[in-house]
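Colleague: Could you please take a close look at one part of this predicted model and describe how that part is put together?

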Amino acid sequence: MKNLHMIDLSTTFAGLQMKSPVIVSSSGLSTSLDRIKKMAAAGAGAVVMKSLFEEQILHEATHLSAESDYPEAGDYIRTYARENSLDNYLDMISSAKEAVDIPVMASINCVSGEEWIDFAGRIEAAGADALELNIYFLPINKEKDPREYEKAYLELVSRVIKQSSLPIIVKLGNGFSNITWMVDQLYKRGVAAAVLFNRFYTPDINTNDMTFGSSEVLSSPAELRNSLRWIGIVSSQVGQLDLAASTGVHSGMAVIKQILAGATAVQVCSVLYRNGVEYIKEMITEMKKWMEKMQFESAADFRGRMNYSSLKDPSVYERAQFMKYFSSMH
Ligand SMILES: Cc1cc2nc3c(=O)[nH]c(=O)nc-3n(C[C@H](O)[C@H](O)[C@H](O)COP(=O)(O)O)c2cc1C
């Protein structure tokens, strides 16, 4: 009989050694050094820094130059703002690296693919272990062929890979016609891992005063299912690439489900906003108890056991319409 102490949760993700598969995803949670230390102490496998927003840097620069009395100082101020914002970010990476012994991943929200690419080298010099690209182009142009959007993702990723020797992780949204093709293309271009899926800010309408507000900022546990299906399918077809599941992972059991479906790691955010970063410890204990019960010593013993290609009847992953299966529901 295995006991909890014999259970090993360590794993390799994007070429990095991690003591657990639970990664703290990019958010405001990783803007405090104190909190990063608590994440590591609670058993986090790695932490992703808050995304450095390309737009944010540009906005800061434009705003400052508009306030300047000396138009000729514009260029200097723009450069200063860009450098300064970046410097804070780089300092945070270095401080986190000094403070904890888990991988620290930088994150860039890329929209244009131009401004920041030369920063990749400085992120590396600051000590980051990997660079996660948080890419999303809102496809609102009816004149634009969907393939052009897909091409933009791939060109951007290829450019970063060429420029940086860090492992590149790509965090995607779920709005693709063929997500399996997209992940395979990323793999062929040399990405070290993919994260499925990001959960974006979505607007909501307040009908009382007809204004816009935000919908729920934090996810619910029920939101796990979408990434669960796609981890199951993508891992069976792009098996050599490490996948991290993101969105709706709120418990140790949710981590187990994603590993059974084929994930190497998970990313957690909302559950930690709700319960504090110490909650990682509870998730890990829950995982270990299940593994003890099932007689598994490591995640490798059961990873992908329930992915699309491991099942005798993979149609469970293919069912998309309720009609046939729930016709008795009125
Ligand atoms: C307040 C907040 C800030 C976030 N900031 C970022 C960010 O800077 N970059 C990013 O890639 N994702 C960001 N996210 C998305 C999360 O990393 C995560 O992908 C998403 O919340 C889904 O995971 P969850 O269900 O565990 O929350 C943010 C989420 C929240 C709630």
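Modeller: Helix 7 (residues 224-237) and helix 8 (residues 252-261) have axes that come within 8 Å and cross at roughly 25 degrees; axes are lines fitted to C-alpha atoms over the stretch in contact, with angles from 0 to 180 degrees between N-to-C directions, and helices are DSSP runs (H or I) of at least four residues. Helix 7 is therefore roughly parallel to helix 8 (an angle under 35 degrees). On the helix 7 side, the contact (heavy atoms within 4.5 Å) is made by Leu 224, Arg 225, Ser 227, Leu 228, Ile 231, Gly 232 and Ser 235. Helix 8 contributes Ala 254, Lys 257, Gln 258 and Ala 261. By class, this contact has five nonpolar, four polar and two charged residues, with Gly counted as polar.

The model is predicted, with local features requiring pLDDT of at least 70 and side-chain atom pairs pLDDT 80 or more, while totals for chains, interfaces and linings use all residues. Residues are numbered from 1 along each chain, and side-chain values use heavy atoms, without hydrogens or water.

Between helix 8 and strand 13 (265-268) runs a loop that holds Thr 264; strands are DSSP runs (E) of at least two residues. Thr 264 counts as buried because its relative accessibility is 6% (the cut-off is under 20%, with a 1.4 Å probe and protein chains only). Leaving aside residues up to four places away in sequence, Thr 264 touches Thr 11, Thr 12, Phe 13, Pro 21, Asp 242, Leu 243 and Arg 303.

Terms used:
Parallel < 35°, antiparallel > 145°, perpendicular 65-115°, else oblique. Buried < 20%, exposed > 50% of the residue type's maximum accessible area, 1.4 Å probe, protein only.
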